[in-house]
Amino acid sequence: MQIAKVIGTVVGNQKEPSLRGSKFLLVRFVDENGEDISNGYEVAIDAVGAGVSEWVLVSRGSAARQIEGSEKRPSDAAIVAIIDTVSVENRLIYSKKDHY
Amino acid sequence: MQIAKVIGTVVGNQKEPSLRGSKFLLVRFVDENGEDISNGYEVAIDAVGAGVSEWVLVSRGSAARQIEGSEKRPSDAAIVAIIDTVSVENRLIYSKKDHY
Amino acid sequence: MQIAKVIGTVVGNQKEPSLRGSKFLLVRFVDENGEDISNGYEVAIDAVGAGVSEWVLVSRGSAARQIEGSEKRPSDAAIVAIIDTVSVENRLIYSKKDHY
Amino acid sequence: MQIAKVIGTVVGNQKEPSLRGSKFLLVRFVDENGEDISNGYEVAIDAVGAGVSEWVLVSRGSAARQIEGSEKRPSDAAIVAIIDTVSVENRLIYSKKDHY
Amino acid sequence: MQIAKVIGTVVGNQKEPSLRGSKFLLVRFVDENGEDISNGYEVAIDAVGAGVSEWVLVSRGSAARQIEGSEKRPSDAAIVAIIDTVSVENRLIYSKKDHY
C-alpha cells in the first residue's frame with residue numbers, strides 16, 4: 001500500500017453503471033515524511049469515509065476490488081485505511097491527533 | 001484511476017477476435033491541474049462514449065475487464081467515467097461545463 | 001494498451017512447458033508520434049502475426065492471458081492488434097499504408 | 001519480489017474490516033547492495049514476523065493475497081520472507097548474521 | 001516479459017510456508033543490447049534451472065503464478081525461459097553459444 005494525503009474529489013456522472021454510488025477521492029502520494037512524490041496522484045474509491053487532508057493507505061490493482069460491493073467494479077485504486085500514526089525506527093513521524 | 005484527456009483514436013483491424021467492436025481511444029494522462037505527465041499516454045477501450053478533449057477516468061490492469069462484455073478481452077486499460085468536476089481543497093480546478 | 005514497434009525476436013528453448021509454441025517478439029514502446037520511450041521495451045507473445053517494424057498494440061499483466069491458448073501461460077505481455085492508423089485531434093499521425 | 005529494509009510501522013484503526021488484525025510495516029526498497037531506491041517505500045502486511053532493520057522480500061499485486069487469511073483482503077503488498085543472505089556472483093553481499 | 005541477467009541468489013529460511021522449496025534468483029534487467037536498466041533488479045523464482053550470468057525472460061505479476069506448483073504462492077516474479085538468441089531487425093544481438 002502507499003501513504004497518501006486526500007486533497008480533493010472527482011465527480012463524473014456519465015460512468016460505468018457499476019461505479020454508481022462510488023465516491024472518488026483525489027489523493028497525492030507522499031513519502032513517510034509527508035513529502036510529495038513527483039507525479040504521485042491517484043483517484044481512488046473511498047471505502048472508509050476519509051476526509052480532505054487526512055493521511056490514508058491506498059491499495060491498487062486487483063486488491064482495490066477486495067472491498068464489499070467492489071468485487072465487479074472497474075476500479076483500480078481504493079482507500080483502505082485512515083492512518084493514525086507512522087513511526088520510523090520507533091520515532092513518531094506522523095500522528096493524526098497532532099494534525100486535527 | 002488516473003485523470004486523462006482524450007486526444008485521439010487508434011484503429012487496428014488485424015486483432016484478437018475478442019477485441020472486435022471495441023473502440024480504442026488515445027488518452028494523455030494529466031495531473032489534477034491538467035498538466036501533461038511525461039510519457040503519460042495510454043490506449044484505452046472506451047466504455048462510456050467519451051469524445052476528443054474530454055477529461056476522463058482511466059482504470060488499468062484487471063480492473064479494465066470488469067466492464068460488461070470485456071471480461072474475457074485482452075485489454076489492460078479502459079475509460080470508466082467522463083469527468084464533470086475536479087476539486088482540490090474545495091476549490092474547483094476543472095469543470096466540464098466551462099470547457100464545452 | 002501501449003503503442004509499440006516490433007523490432008526483433010527472442011528465442012529460448014529451455015522454458016516453461018506451457019510456453020512451447022509461443023512466438024516471442026521484441027517490441028519498443030513509442031509515443032503517439034513514434035518517438036522511443038526511454039527503457040521502453042518488452043518481450044511479448046505475438047497473438048496476431050505481427051512483423052518487424054509494424055506498429056502494434058501491447059497489453060500487459062493478466063490481460064495478456066485473455067488470449068485463446070494463453071489462459072494458463074506465465075506470460076505478462078501480448079501483442080493484441082496491428083495498428084492501421086493513429087489519429088490525434090482528427091489529424092492522421094500514423095498510417096500503416098504510408099509505411100509499407 | 002523486491003529486497004527491502006523494514007524501517008517502521010503504520011497504524012490505522014478506521015479501515016476495511018477485512019484488514020483488522022493485519023500488521024502494517026513500512027519498508028524501504030534497496031538494491032542488492034543495500035542502497036536506497038528513490039521513492040522506494042511500501043506499506044506491506046507482515047506475514048513472517050519481521051522486525052525493524054531486517055532485510056525482507058516483498059511481493060506486490062495479487063501475489064500479496066496468496067497468504068493464508070489474506071485471500072480476500074484489499075492489500076497489494078506483503079512481506080513474504082526474511083532474508084538470510086544475498087550473494088552476487090558467489091560473493092556474499094549481505095548476511096543477516098553479520099548485522100545482528 | 002523482460003530480458004534479465006542472472007547475477008546471484010537470495011536465501012531466506014523464515015518465509016511463507018508455500019514458498020518452501022522455491023529457489024530465489026537475483027536478476028538485473030537489461031535492454032536488448034545487454035545494458036543495465038537503472039534500478040532494474042528483481043528477485044524471481046526460478047522455474048527453468050537458470051544459472052548465474054545467463055540471459056533469461058522474467059514474467060511479473062499474476063503471470064508468475066501460472067507455473068506448476070506456484071499457483072498459490074505469494075510470488076510476483078518468475079524466470080520462465082533461458083534465452084538462446086536476441087535478434088533486432090534480423091541482426092543477432094545476443095547468442096548464448098557465444099557467451100558460454
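These questions and answers concern the contacts between chains in a predicted model.

Q: What makes the pair Arg28(D) and Glu32(A) a salt bridge?
A: The term requires a side-chain nitrogen of Lys or Arg within 4 Å of a carboxyl oxygen of Asp or Glu. The side chains of Arg28(D) and Glu32(A) meet at 3.1 Å, N to O, and because that separation falls within the 4 Å cut-off, the pair qualifies. Between chain D and chain A the count is 1 salt bridge.

Q: Why is the pair Glu32(B) and Arg28(A) said to join two chains?
A: The side chains of Glu32(B) and Arg28(A) meet in a salt bridge at 3.2 Å, N to O. Glu32(B) sits in the loop between β3 (24-30) and β4 (36-46) of chain B, while Arg28(A) belongs to strand β3 (residues 24-30) of chain A, so the pair links two chains. Over all chains, the structure holds 20 salt bridges.

Q: How do you know that chain D and chain A are related by a five-fold axis?
A: Chain D can be laid on chain A by a turn of 72° with a shift of 0.0 Å along the axis, and the RMSD is 0.0 Å. That is the relation of a five-fold axis. The copies use different surfaces, given that 3% of the contact residues of chain D recur in chain A.

Q: What is the size of the interface between chain D and chain A, in residues and in buried area?
A: The contact takes 29 residues from chain D and 31 residues from chain A. Between them, chain D and chain A bury about 2300 Å², of which 49% lies on carbon and sulfur atoms. The size of an interface is often expressed as the accessible area lost when the parts come together.

Q: Which elements and which kinds of residue form the side of chain D that touches chain A?
A: There are 19 residue pairs in polar contact between chain D and chain A, both residues being at pLDDT 80 or more. On the side of chain D that touches chain A, two or more residues come from each of β1 (2-11), β2 (14-15), β3 (24-30) and β4 (36-46) of chain D. The residues of that side of chain D divide into 12 nonpolar, 8 polar and 9 charged.

Q: Why are strand β6 (residues 77-82) of chain A and β2(D) called a pair?
A: Two strands pair if DSSP finds at least two bridges between them. Strand β6 of chain A and β2(D) are joined in the antiparallel sense over 2 bridges, and therefore they meet that requirement. In β2(D), Lys15(D) is the bridge partner of Ala81(A).

Q: How do you know that strand β2 (residues 14-15) of chain C pairs with β6(E)?
A: The requirement is again at least two bridges, and 2 bridges join strand β2 of chain C to β6(E), the two running antiparallel. Within β6(E), the bridge partner of Lys15(C) is Ala81(E).

Q: What makes the pair Arg28(C) and Glu32(E) a salt bridge?
A: The side chains of Arg28(C) and Glu32(E) meet at 3.2 Å, N to O, and because the limit is 4 Å, the pair counts as a salt bridge. The count between chain E and chain C is 1 salt bridge. On the side of chain E that touches chain C, at least two residues are supplied by each of β1 (2-11), β4 (36-46), β5 (55-60), β6 (77-82) and β7 (85-88) of chain E. The residues of that side of chain E divide into 16 nonpolar, 8 polar and 7 charged.

Q: Which three residues supply 27% of the area that chain E buries against chain C?
A: Chain E and chain C bury about 2400 Å² between them, 49% of it on carbon and sulfur atoms. Met1(E), Glu32(E) and Gln66(E) supply 27% of the area that chain E buries against chain C, more than any other three residues.

Q: Why are chain B and chain D described as having no contact?
A: Contact means heavy atoms within 4.5 Å, and no contact joins chain B and chain D, whose closest C-alpha atoms lie 10 Å apart.

Key
Residues are numbered from 1 along each chain as its sequence is written. Chains are lettered from A and ligands numbered from 1 in the order in which they are written. This is a predicted model: local features need pLDDT of at least 70, side-chain atom pairs count only at pLDDT 80 or more; totals for chains, interfaces and linings use all residues. Side-chain values use heavy atoms; hydrogens and water are left out. Copies are superposed by least squares on the C-alpha atoms of residues with pLDDT of at least 70 in both. Buried area is the accessible area (1.4 Å probe) that two parts lose on being put together, summed over both. A polar contact is a pair of N or O atoms within 3.5 Å; within protein, one must be able to donate a hydrogen and the other to accept it, and residues adjacent in sequence count only if both atoms are side-chain atoms. Helices (H or I, at least four residues) and strands (E, at least two) are DSSP runs, numbered from the N terminus. Ala, Val, Leu, Ile, Met, Phe, Trp, Tyr, Cys and Pro count as nonpolar, Asp, Glu, Lys and Arg as charged, and the others, Gly among them, as polar.
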